[in-house]
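Colleague: I have a model open and a list of points to settle. Can we take them one at a time?

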Amino acid sequence: MSGEDKERVCVTGAGGYIASWLVKYLLLKGYMVHGTVRDPCDEKNAHLKKLEGASENLQLFKTDLLDYEALCAATAGCTGVFHVACPVPVGKVPNPEVQLIDPAVVGTKNVLNSCVKAKVKRVVVVSSIGAVMLNPNWPKGQVMDEECWSDEEFCKATENYYCLAKTIAEIQALEYAKRGELDIVTVCPSIVIGPMLQPTINTSSLLLLGFLKGFFFTTPSHSYMLERTLVLNQGVRLYRCKIQIPTL
Ligand SMILES: NC(=O)c1ccc[n+]([C@@H]2O[C@H](COP(=O)([O-])OP(=O)(O)OC[C@H]3O[C@@H](n4cnc5c(N)ncnc54)[C@H](OP(=O)(O)O)[C@@H]3O)[C@@H](O)[C@H]2O)c1
């Protein structure tokens, strides 16, 4: 099948930890992948070009989430879009509005508007457990399902701006589905850990490394979530993966 005939999908934030794995598997499945990265020449994205099938089937687009026109170029011609990009800060950020809320919320809106324009058939938005769990009023012991959302006021009061951003962004994304503009699914991972494809360490891998090496860093959202997440289970899976722990 020639490149022109292959089904095209777009992955935002392609060079990140989760997105790199997604790109890898999409290439292995034979898709033509449009990956958005902020800087295609940055060494931190070099691993993408080395993935199997990348030389023929991976096209990188220089795109910031706040650049609607660039996003339109990346999603044009795609039947599917995986919106993965979002800042995942290590600690507190000095200017949450600019550093978190805008890229997450305005960024998601830009991606989804570009998908409407490109008539994308299905969009997968990567949200987070952070959009679900920060809800002190949820009845103890009750399963946190689609009805359970993080409480925006609680997020603000506890300075969990990452969770606030993910909550607003996911609610906004699902509005596109309710209005019938896009076919959207959202996924809410908890703490994702395992081997890294990218050369620079991401926040969730750093969190794990902190546990293993004895320096425990935490953000308000991490400490809240860790109290409620089966870290031990994830540790078992990690052990089975034989992860290579990089030295800092
Ligand atoms: N890892 C986890 O445990 C976990 C858990 C739940 C949800 N998630 C969600 O999963 C997604 C990926 O997370 P990850 O762990 O793979 O994080 P990551 O490695 O830090 O990847 C984040 C990606 O987003 C891109 N990005 C950030 N701000 C951007 C902007 N303004 N414009 C364009 N791109 C931007 C980054 O690009 P640069 O490299 O240029 O900064 C990077 O490629 C995020 O939506 C995150 O909220 C992750």
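This is a predicted model: local features need pLDDT of at least 70, side-chain atom pairs count only at pLDDT 80 or more; totals for chains, interfaces and linings use all residues.

Colleague: How many helices and strands does the protein have?
Modeller: The chain has 248 residues, and 38% of them are buried. Among contacts between residues at least 6 apart in sequence, 70% join residues at least 24 apart. The secondary structure comes to ten helices and six strands.

Colleague: What is the order of the strands in the open sheet?
Modeller: The sheet holds six strands, with parallel pairing. Its edge strands are β3 (58-62) and β6 (184-187), each pairing on one side only. From one strand to the next the twist averages 20 degrees. The order is β3-β2-β1-β4-β5-β6.

Colleague: Which residues form the uncovered face of β6?
Modeller: β6 is an edge strand. One face of β6 is covered, with I184 and T186. The uncovered face has V185 and V187.

Colleague: At what angle does α7 run to β6?
Modeller: Helix α7 spans residues 161-178. It lies across β5 and β6. The angle of α7 to β6 is about 155 degrees.

Colleague: And which strand does α4 run at about 170 degrees to?
Modeller: Helix α4 covers residues 68-75. It lies across four strands: β1 (8-11), β2 (32-37), β3 and β4 (80-83). The strand at about 170 degrees to α4 is β3.

Colleague: How far does α7 reach from its first C-alpha to its last?
Modeller: α7 has 18 residues. At 1.5 Å a residue, the expected reach is 26 Å, and the model comes close to that. Buried residues of α7 include Y161, L164, K166, E170 and Y176. From first C-alpha to last, α7 reaches 26 Å.

Colleague: Which residue just after α7 takes a positive phi?
Modeller: Most residues other than glycine have a negative phi. Here the phi is about 75 degrees, and the residue just after α7 is a glycine. The residue is G180.

Colleague: Is K119 buried or exposed?
Modeller: K119 sits in the loop between α5 and β5. Its phi is near 55 degrees, a positive value in a residue other than glycine. K119 has 12 other C-beta atoms within 10 Å, and the cut-off for this class is 12 or fewer. So K119 is exposed.

Colleague: How far apart in space are E56 and M32, C-alpha to C-alpha?
Modeller: E56 lies in helix α3 (residues 54-57). E56 is exposed because it has 10 other C-beta atoms within 10 Å. In sequence, E56 and M32 are 24 residues apart. In space, the distance between E56 and M32 is 8.3 Å.

Colleague: What distance separates the C-alpha atoms of I129 and M144?
Modeller: I129 is in the loop between β5 and α6. I129 is buried because it has 20 other C-beta atoms within 10 Å. Along the chain, I129 and M144 are 15 residues apart. Their C-alpha atoms are separated by 9.9 Å.

Colleague: Which helix gives the most to the shell around the ligand?
Modeller: Two helices, α1 (17-28) and α5 (96-118), each supply at least two residues of that shell. The top contribution is three residues. The helix that gives the most is α1.

Colleague: Which residues come nearest to the ligand?
Modeller: There are 25 residues around the ligand. They divide into 15 nonpolar, seven polar and three charged. Those that come nearest are G13, G16, Y17, C86 and S204.

Terms used:
Residues are numbered from 1 along each chain as its sequence is written. Two strands pair if DSSP finds at least two bridges between them. Axes are lines fitted to C-alpha atoms, for helices over the stretch in contact, and angles run from 0 to 180 degrees between N-to-C directions. Two residues are in contact if their C-beta atoms, placed from the backbone, lie within 7 Å. A residue is near a molecule or strand if its C-beta atom, placed from the backbone, lies within 6 Å of it. Ala, Val, Leu, Ile, Met, Phe, Trp, Tyr, Cys and Pro count as nonpolar, Asp, Glu, Lys and Arg as charged, and the others, Gly among them, as polar. The expected span of a helix is 1.5 Å times one less than its number of residues.
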